[in-house]
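This report covers selected contacts and charge pairs in one model. Keep the chain in view while reading.

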Amino acid sequence: MTIQQLEYILAVDRYRHFAKAAEHCHVTQPTLSMMIQKLEDELGVKLFDRSIPPVRPTATGVKIIAQARKVLLQAAQIKDIVTEETQSLKGSFRLAVLPTIAPYLLPRFLQHIAEQHHELDIRIQEMQTVPTLSALAKGEIDAAIIANEPTEANLLGTRLYYEEFFGYVSRHEPIFKQDIIRTTDISDERLWLLDEGHCFRDQLMRFCQREKVKIHQAAYHMGSLETFMHMVESGFGMTFIPELATLQLCDSQRELVRPFAIPRPTREIYFVTHKDFIRHSLSKILIEHIQEAVPKKMLRLQVGQKIV
């Protein structure tokens, strides 16, 4: 049994497809299949049911894959211990970022940190909160930037900053004439919101005290904030945007931004790692660069803001 074989079975479990798993592991499918077959022969059990697609683990395979995940995490920590002890930033660092954070935060610090630390190789993945927390637990990523404090016992979070929500309103909307937005003024029929599963949506729904909204989702799924902003700019409806997004707008776009009435909805942005995370020197550098990249007022909760 080898580390490589354990990596292969985790890849097949993740993708439920031998060809995709082989591509992920940068080997040919015959090579991956042969190595897994050798492991099955050695153990005397079948790890995967190949009879019906997609490939799935057998009952015994599920237990062995869970143990393999622990073994690989511990093996990776050996290298991390050496890297941390030597204060080295070498090696790849897998960072997941929410899609409602990445476009507005990453351009503010990523290039700068790359110029200062040439040896650092940060691999960015955009992921929603639930798959992000799962990936952290499984060791598929090293850290994450999410929009709430983790409650899981195996995760640790460091608050990065506070970020207020703003309305982005078409000139054709009645509330465009208002200086501030009250939740009672929001029309469901003309509201663009992300699909369910985005914490950005969930937080605003709670704040606006709406369980359901009759929005454009029936006709438009998998939208992004940028798409919704373009819809608003074309003269149709309104949406919500995070504070950092407002800093990227031109003058004509800023005219569409409206703050909420007090209490103004605000989210907390956290840097999250597994409790067994070792590379603290690297995380410290990342946190410092991120906090230097956002306006100083965002490092503290402001008067009139309310966490949602």
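Met298 lies in the loop between helix H11 (280–293) and strand S10 (305–307). Helices (H or I, at least four residues) and strands (E, at least two) are DSSP runs, numbered from the N terminus. Met298 is buried at 2% relative accessibility. Buried means under 20% relative accessible area, exposed over 50%, and partly exposed in between (1.4 Å probe, protein chains only).

Leaving out residues up to four places away in sequence, Met298 touches Tyr161, Tyr162, Glu163, Glu243 and Leu244. Contact here means heavy atoms within 4.5 Å.

## Basis of the model

This is a predicted model: local features need pLDDT of at least 70, side-chain atom pairs count only at pLDDT 80 or more, and totals for chains, interfaces and linings use all residues. Residues are numbered from 1 along each chain as its sequence is written, and side-chain values use heavy atoms, with hydrogens and water left out.

## Salt bridges

The structure holds 13 salt bridges. A salt bridge is a side-chain nitrogen of Lys or Arg within 4 Å of a carboxyl oxygen of Asp or Glu.

Arg159 pairs with Glu268, with 3.0 Å between the closest N and O atoms. Arg159 sits in strand S6 (residues 155–169) and Glu268 in strand S9 (residues 264–274), so the pair ties together parts 109 residues apart in sequence. Arg159 is partly exposed at 37%; Glu268 is buried at 15%. Arg267 and Glu163 also form a salt bridge, at 2.8 Å, N to O. This pair too links distant parts of the chain, with Arg267 in S9 and Glu163 in S6, 104 residues apart. Arg267 is buried at 0%, and Glu163 is buried at 2%. Elsewhere, shared partners join Asp13, Arg16 and Arg69 into one salt-bridge network.

## Helices H1 and H3

Helix H1 (residues 3–15) packs with helix H3 (residues 29–43) at about 110 degrees, their axes 9 Å apart. That makes H1 roughly perpendicular to H3, a label for angles of 65 to 115 degrees. Axes are lines fitted to C-alpha atoms, for helices over the stretch in contact, and angles run from 0 to 180 degrees between N-to-C directions.

H1 contributes Gln4, Gln5, Tyr8, Ile9 and Val12; H3 contributes Leu32, Met35, Ile36, Lys38 and Leu39.

## Cysteines

The structure holds zero disulfides, a disulfide being a pair of cysteine sulfur atoms within 2.5 Å. Cys25 is buried at 19%. Cys250 is partly exposed at 38%.

How values were computed:
Angles under 35 degrees count as roughly parallel, over 145 as roughly antiparallel, 65 to 115 as roughly perpendicular and the rest as oblique.
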